[in-house]
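Please describe this protein model for someone who has not seen it before.

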Amino acid sequence: MAQLNLTADPADLTATLVDIPSVSREEGELAAAVEVALRALPHLEVTRSGNTVLARTALGRPSRVVLAGHLDTVPVNENLPVRRVGDELHGLGTVDMKGGDAVMLHIAATLTEPRHDLTFVFYDCEEIEAVHNGLRRVERDLPDWLSGDLAIVCEPSNAVVEAGCQGTMRVELRTAGTRAHTARAWLGVNAIHALEPALRTLTGYRAREVDIDGCRYREGLQAVRVGGGVSGNVVPDEAVLTVNFRFAPDRTVAAAETHLREVFDGYALTVTDHAAGALPGLTAPAAAELVAAAGGEPVGKLGWTDVARFAALGLPAVNFGPGDPTLAHTREEHVPIAQIHRCAEVLARFLT
């Protein structure tokens with residue numbers, strides 16, 4: 001089992017974490033290494049749930065900050081082992097999100113007298129279906145481990161505070177037709193052709209932009225899948241168009257569904273998946289202090305992250321971690337070492 005030096009340069013620690021493969025459902029080796037390293041720290045209480053490792057202080061501080069990061073990655077794509085190229089680390093997980101995990105582990109080891117009590121959550125199965133997400137299991141079995149006054153999810157955010165997150169919803173639009181031989185197509189009704197008005201609606205859709213607590217969120221409505229057809233000589237009698245809606249956190253899930261039913265009026269619409277967004281929460285005292293420590297202006301998170309889970313529990317939550325989120329899940333994934341150092345320095349300043 002790999003040995004983790006939590007007091008080392010967090011960039012070096014990142015490289016060590018990257019070289020321990022941890023594709024979703026295969027996080028056991030990395031979780032074991034994280035658990036052993038954290039149990040060696042006398043100021044932390046440590047427990048484990050599956051391949052999720054949790055640690056916390058009990059210093060009697062009047063407030064608590066929860067730092068969370070997932071251990072798993074998407075499948076390997078010819079991007080292991082880690083490579084150092086100039087001032088960057090290249091490899092699977094450097095961005096999403098072992099750079100953030102390394103910062104959390106470094107903070108856990110080096111901040112023995114923080115001004116807030118701290119909880120660290122290193123969880124599994126974030127990159128696959130939400131039902132398997134380790135935070136879901138912790139919320140069910142160990143709910144007190146997720147309580148606090150602020151949650152910081154160390155997902156990649158280019159080392160700036162990204163507040164809140166968008167909600168997401170997927171729907172299916174179904175059309176019905178009548179089968180016929182394509183040589184006598186006038187005897188049938190083509191269900192695929194019946195999708196044309198919906199596609200035209202999507203092409204002309206104007207995405208709403210909204211400002212919340214100084215953070216701008218831009219919504220998006222996109223067709224992501226088309227299905228239909230029987231064979232090469234049959235007029236199809238059924239077609240399905242899948243649409244993804246990314247909505248600003250001032251909309252509830254119910255409001256998002258109502259909006260889509262208005263946009264696609266006349267279509268049989270079924271919601272197949274949804275997740276609520278999270279408001280920025282920057283007015284909470286601890287969140288405002290983090291923004292001050294980070295400097296610059298916070299931005300809205302254009303995507304969904306587990307900050308929404310914490311927001312649903314009543315915790316203000318933000319994203320703050322090293323790496324460009326647009327590189328996540330790509331073969332070219334890489335993180336500037338300077339961003340790893342910046343995140344560690346900002347969090348240390350905020351927490352002390």
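## Basis of the description

The model is predicted, and for that reason local features need pLDDT of at least 70 and side-chain atom pairs count only at pLDDT 80 or more, whereas totals for chains, interfaces and linings use all residues. Residues are numbered from 1 along each chain as its sequence is written, and side-chain values use heavy atoms, with hydrogens and water left out.

## The chain as a whole

The protein chain has nine helices and 17 strands, where helices (H or I, at least four residues) and strands (E, at least two) are DSSP runs numbered from the N terminus. Its C-alpha trace spans about 80 × 40 × 40 Å along the principal axes. Of the 352 residues, 54% count as buried; buried means under 20% relative accessible area, exposed means over 50%, and partly exposed lies in between, with a 1.4 Å probe and protein chains only.

The chain exposes about 15,200 Å², of which carbon and sulfur atoms supply 50%, the areas coming from the Shrake-Rupley method with a 1.4 Å probe, and for residues only the protein chains shown count as cover. Among contacts (heavy atoms within 4.5 Å) between residues at least 6 apart in sequence, 77% join residues at least 24 apart.

## The mixed sheet and strand E6

Eight strands form an open sheet with mixed pairing, in the order E1-E2-E6-E3-E7-E16-E8-E15. Its edge strands are E1 (45-49) and E15 (299-300), each of which pairs on one side only; two strands pair if DSSP finds at least two bridges between them.

Within this sheet, strand E6 (residues 117-123) is mostly covered, with seven of its seven residues buried. Both of its faces are covered: Asp-117, Thr-119, Val-121 and Tyr-123 are buried on one side, and Leu-118, Phe-120 and Phe-122 on the other. Strand E2 (residues 52-56) pairs with E6 in the antiparallel sense over four bridges, and Arg-56 has Thr-119 of E6 as its bridge partner.

A nonpolar core is a set of buried Ala, Val, Leu, Ile, Met, Phe, Trp, Tyr and Cys residues joined through side-chain atoms within 4.5 Å. The largest one has 69 residues, of which Leu-4, Leu-6, Val-34, Leu-38, Phe-120, Ile-152 and Leu-347 touch the most other members. Helix H3 (residues 94-110) gives the most to this core, with nine residues. A second, separate core of 19 residues includes Leu-173, Ala-191, Ala-198 and Phe-247. Leaving aside its neighbours within four places in sequence, Ile-152 is in contact with several residues, among them Val-65, Leu-67, Val-318, Phe-320 and Leu-347.

Helix H1 (residues 10-18) is also mostly covered, since seven of its nine residues are buried, namely Pro-10, Ala-11, Leu-13, Thr-14, Ala-15, Leu-17 and Val-18. The elements that cover these buried residues include helix H2 (28-39), strand E5 (88-90), H3 and helix H9 (337-351).

E10 pairs with strand E11 (residues 215-218) in the antiparallel sense over four bridges, and the bridge partner of Glu-209 in E11 is Arg-218. The hairpin of these two strands has two residues between them, and in it Asp-213 takes a positive phi near 55°. Asp-213 is partly exposed, with a relative accessible area of 42%.

## Other backbone features

Asn-158, in the loop between strand E7 (150-153) and strand E8 (162-163), has a phi near 60°, a positive value in a residue other than glycine. At 34% relative accessibility, Asn-158 counts as partly exposed.

A cis peptide bond with omega of about 0° joins Leu-80 and Pro-81, and Pro-81 lies in the loop between E3 and strand E4 (83-85). A cis peptide bond also joins Asp-96 and Met-97, with omega of about -5°, and Met-97 lies in helix H3.
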